[in-house]
Amino acid sequence: MMNSHTRRVSRTMESYERYVILAIIFSFARCTSASVTHYSIPEEMKEGSVVANLATDLGLDMKTLNQRKMRLDIIANKKYLDLNKETGELYVVEKIDREHICPTKSLASCYLKLEVILDNPVRIFNIEVEILDINDNAPQFRRDAIHLDISEATSRGERFSLSNAVDPDVGSNSVKTYYLSESEYFNIEVQTGRDGSKFADLILKKTLDREKKPVHNLILTAIDGGTPARSGTASVIVRVLDTNDNTPTFDKDNMNIKMMENSPIGSLVVDLNATDLDEGLNSDITYSYSLYTSEKTQETFNLNPTTGEITVKGVLNYEDFRIYDMEVIAADKGATSLTGQCTIKILVEDMNDNHPEISIKSFQSPVTENIELDTVIAVVSVSDKDSGDNGIVDLRVPDNMPFKLRESSDNYYELVVSEPLDREKVSEYDITFTVTDRGSPPLSDNETMTLELLDVNDNVPQFPQSFYTIRVMENNAPGALLSSLTAFDPDLHENQYLVYFIIEKEIANTSMSMLFSINPENGNLYALKTFDYEIEKEFLFHIEARDSGSPPLSSNVTVHIIIVDQNDNAPVIVSPWRAHGSVVEEKIPRSTDKGSLVAKVIALDNDSVHNSRITYQFLQVTDATLFSLDQYNGEIRTMRMFSYRDPRHQRLVVVAKDNGEPALSATVTIKLTTMETAVKAYSDMTEEPLEYDIFSDINLYLVIGLGSVSFLLLITILVTIVIKCQKPKPSKAAPPSRNSVISERNSTIADSTLVSNDAYWYSLFLAETRKGKLVVRQPLPKGSRYIVSSIPRGTGLTDTSDSAASTLQASTTSSSSST
């Protein structure tokens, strides 16, 4: 199936063949009438195409053409045609472009002039070949783009000339008409010139608006009259020129802008943007405040006339000024300036920049410590210049204080006493009122007030101790300071001033104020006399401390005075008994075994336990290898049996020393005589007085007299008791020891329990008189059985004033009971 192009070429060739035939016929017709032979051919024929057979047309013999040297000469043109010398045919050797050969469109026809030359005979034939135009060129504009500037103020119907298109073809093949692309603003009108050329005028059919469409792009098309028709195009660019027909316009005519107070100087408030649809100076905008904008606003905010930026110029304070109103004008720079307006309201937002304030309206100080609960001591008001949460405040006082806040009215608070006050615990309070707002971050303020408490007499004097034990060394000097019994009263001033008294108490018809004295101002306790431990060992009384308040308060304390013993009594040797300054003589069998008890030294000391602790030692001894002395119980025992070499008489000097500082002592000399045979026990013993070294002769006689009377009374009592008692009661003394010793004469009281039927024993007791202590010796009947518990080792008769008897006395009493 042939396409459209093939069909179009076929139709062209058919037209061309018909055209050649007609041209040949036309040429023959001319040959008969003129000497010039005419041919017509279309341009753009293919190379080799035969135009005509000149031999036949000129009546020449084709056989003689070579002989006659037939040749072709083209005049004033390029050789487009040539001659076939064999056949005499004229053919195309080069494609012919009519527009090139005949560039001037004014010529109606275009010819190629030829000469055919023959020799023998010479003949010249003139030939004209007319080149016929075909539509081989499209219309073409001189410029591809046609630029037009049209003001938007141009009225409708205005005409604008456009460049015409040219077409090298002629006749119907040249430009025939113009067409314009579709546009609501423009159309064209085709005009014919005097030379027959065609051109178009652009006509404005609708008013232009640059702001809507600043540029219009159109296409102008020129079409020739050939078959097929050819066309050419050009761009028509219409630029709409601006006129100042638009006012500046803001994005918003009304604005509400929130700005935080205390914004830094230079902070951007708003960047105004006014637009003008015009261009050039008509759209160049300047900004300014209108006359309706207050001076306060203009002083606070800066308006940039070029950019429209509004920035902070002054201090923004919510508490001073909260709303700023302004009107800004935007004006273009056109010949006739147009303006636009914008109203702006700047709302200053509060920030927490004001500290809350405290105002002390009333404060009562000092107050008494016994003030009643819920008593108002202060009235406080609080305030904050900020708004919202920034202006809501909370007031508080420390939690660890006996006060609380009570809201009385709007922002007024009362400080009341919530717990009992005690000046002695806390004398004054530094009360800090702290007020805090609820902003973010919160701000606070505080104020401290000092509340002073006045004292009331609500505390009794207090002694550091409830019981005082004071030790006083005997033989003290009268007026000596014993102790300072100072009481404390936490009250103040006269409520704190104390006076001290001794509460009267009599002991043995003696008032305490006769024995002791106390300083009423400072509580110093003094002794008024010298104390003797052996007579007075302790005192118990009370001291009162009384303040000077109204009414006065008082308290008392118990004082226990203990007299401390001094080593002021030397030991007294009570066994073996001896006369003052005499030597004790004892007889002992020479056959005494080793370890036998020879004698026992007993010393008593009236001092206290420590000072009466006695030790014994030999001061002199005839033979140190024969006797031993127990340093604690004073027993003298044999260390070996006597030999015939030992002297008959042995002299022992024993010293009894107490444990005092310095130590006191007493000595006794014992003269031992050894006997060959056993010594008979005497049935009766001569009573001899036993006394302390400190006894006088008068005391000795008194003791002997009292002893004789007491002996007779004691014998009578013992006989009566023995008759009435069938069985003697056991003694409460220590149980008898297995070791028993029998003394031949004046028996020494042994440390162990002793049972004897032969020896005489003496009951010793101490009688207290105003002048001193006496030791009385009383004999027991011969043949009596008795149990004696001796004095414990290292123990003296120390407690003679007590009702309980000493160990030695108890033993003697027990022995008497048994008898």
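**The setting of Leu148**

Author: Not counting residues up to four places away in sequence, Leu148 touches Phe160, Ser161, Leu162, Leu202, Val236, Ile237, Val238 and Arg239; a contact means heavy atoms within 4.5 Å. The model is predicted, and local features need a pLDDT of at least 70, side-chain atom pairs count only at pLDDT 80 or more, and totals for chains, interfaces and linings use all residues. Residues are numbered from 1 along each chain as its sequence is written, and side-chain values use heavy atoms, with hydrogens and water left out.

Leu148 belongs to strand 9, residues 145–151 (helices, H or I of at least four residues, and strands, E of at least two, are DSSP runs numbered from the N terminus). With a relative accessibility of 13%, Leu148 counts as buried (buried is under 20% relative accessible area, exposed over 50%, partly exposed in between, with a 1.4 Å probe and protein chains only). Val215 is 67 residues away from Leu148 along the chain, yet their C-alpha atoms are separated by 9.8 Å. Another buried residue is Cys342, at 1% relative accessibility.

The largest nonpolar core has 30 residues, and Leu54 and Val129 have the most contacts inside it (such a core joins buried Ala, Val, Leu, Ile, Met, Phe, Trp, Tyr and Cys through side-chain atoms within 4.5 Å). Elements giving two or more residues to this core include strand 1 (36–42), helix 2 (54–58), strand 6 (111–118) and strand 7 (123–132). Apart from this core lies another, of 26 residues, among them Leu515, Phe539, Ile543 and Val557.

Among the residues that Val129 touches are Tyr39, Ile41, Leu81, Leu90 and Cys110. Cys110 is also joined to Cys102 by a disulfide, with an S to S distance of 1.8 Å, and both cysteines are buried. The torsion about their S-S bond is about 80 degrees, so this disulfide is right-handed. The count comes to 1 disulfide, taken as a pair of cysteine sulfur atoms within 2.5 Å.

Leu395 has Val435 of strand 32 as its bridge partner. Strand 32 is also joined by 9 bridges to strand 33 (residues 444–454), again antiparallel, and a hairpin of 6 residues connects strand 32 to strand 33. Across this pairing, Asp430 stands opposite Thr450 of strand 33.

Leu540 has His560 of strand 42 as its bridge partner.

As for confidence, the protein averages a pLDDT of 79, and 80% of the residues score at least 70; pLDDT is the predictor's confidence in each residue, from 0 to 100. The pLDDT is below 50 over residues 1–34, a stretch with 16 contacts beyond near neighbours in sequence. Residues 726–819 also have a pLDDT below 50, and this stretch has 192 contacts beyond near neighbours in sequence.

Methods: Pairing = 2+ DSSP bridges.
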